Amino acid sequence: MPQLRDPNFRRTVVLLCRHSEEGAFGLVVNRPLVTSGRVIVNLEPPPEESREQAETVVTERELQVWVGGPVEPQRSWMLVGNEPGANDGARGMRIADALYLSTSPDLLRRLLEPDPPLRTRLVVGYSGWAPGQLEAELQASAWLMSDVDGDLIFNTPPERMWEAAIRRLGADPATLQMSRGVH
């Protein structure tokens with residue numbers, strides 16, 4: 001909404017992944033960052049699987065990375081949109097129907113290959129809220145809420161996603177005005 005002045009969230013669509021008494025965790029899903037040149041990724045195997053050194057993977061292809069938010073930009077996740085019944089152990093934590101959050105080194109390795117898995121995004125950073133912070137922002141009408149739509153996330157061009165998300169709610173983005181409180 002217009003009253004949310006934080007430039008990190010101007011015209012963003014945020015996928016709320018976790019919300020509890022301890023706070024909230026989400027990913028901005030409409031901020032792509034295209035990298036070119038050599039990309040180097042260090043894959044550290046979990047300690048219980050291997051005590052060897054981290055594996056280094058280098059790719060020369062263009063890689064699209066998505067900025068999930070301003071918090072911890074050095075951390076990464078993969079947002080995976082699988083069809084129901086897909087048997088992929090690298091899917092990770094379920095966010096919604098056919099939508100998962102993964103930190104699998106194997107999936108990351110596959111993402112860096114020439115033919116990466118479909119409907120999988122590498123996301124750096126995240127959006128986080130302290131306990132009660134998101135509730136206060138919702139009370140102030142700073143956010144519009146909607147159901148999760150994998151088609152919107154994976155099939156809508158990022159520059160059109162904010163407007164498309166608002167139109168899904170039956171609203172016209174041009175008519176949004178600053179206001180206070182819940183309506």
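This is a predicted model: local features need pLDDT of at least 70, side-chain atom pairs count only at pLDDT 80 or more; totals for chains, interfaces and linings use all residues.
Trainee: How many aromatic pairs does the structure hold?

Mentor: Happy to start there. One of the pairs is stacked, with phenylalanine 9 and tryptophan 129 at 6.2 Å centre to centre and 25 degrees between the planes. The count of aromatic pairs in the structure is six.

Trainee: How many residues apart are phenylalanine 9 and tryptophan 129?

Mentor: Phenylalanine 9 sits in the segment before strand 1 (14-20), while tryptophan 129 belongs to strand 10 (residues 120-129). Their pair therefore links distant parts of the chain, and the separation is 120 residues.

Trainee: Is tryptophan 143 buried or exposed?

Mentor: Buried means under 20% relative accessible area. Tryptophan 143 has 15% relative accessibility, so it counts as buried.

Trainee: Which ring lies under the charged end of arginine 121?

Mentor: The charged end is 3.5 Å from the centre of that ring. The ring belongs to tryptophan 66.

Trainee: What is the phi of serine 141?

Mentor: Serine 141 is in the loop between helix 2 (133-139) and helix 3 (150-155). Although serine 141 is not a glycine, its phi is positive, at about 60 degrees.

Definitions and conventions
Residues are numbered from 1 along each chain as its sequence is written. Side-chain values use heavy atoms; hydrogens and water are left out. Helices (H or I, at least four residues) and strands (E, at least two) are DSSP runs, numbered from the N terminus. Rings of Phe, Tyr and Trp (its six-membered ring) pair if their centres lie within 6.5 Å; planes under 30 degrees apart count as stacked, over 60 as edge-to-face and the rest as tilted. Buried means under 20% relative accessible area, exposed over 50%, partly exposed in between (1.4 Å probe, protein chains only). A charge sits over a ring if NZ of Lys or CZ of Arg is within 6 Å of the ring centre and within 35 degrees of the ring normal.
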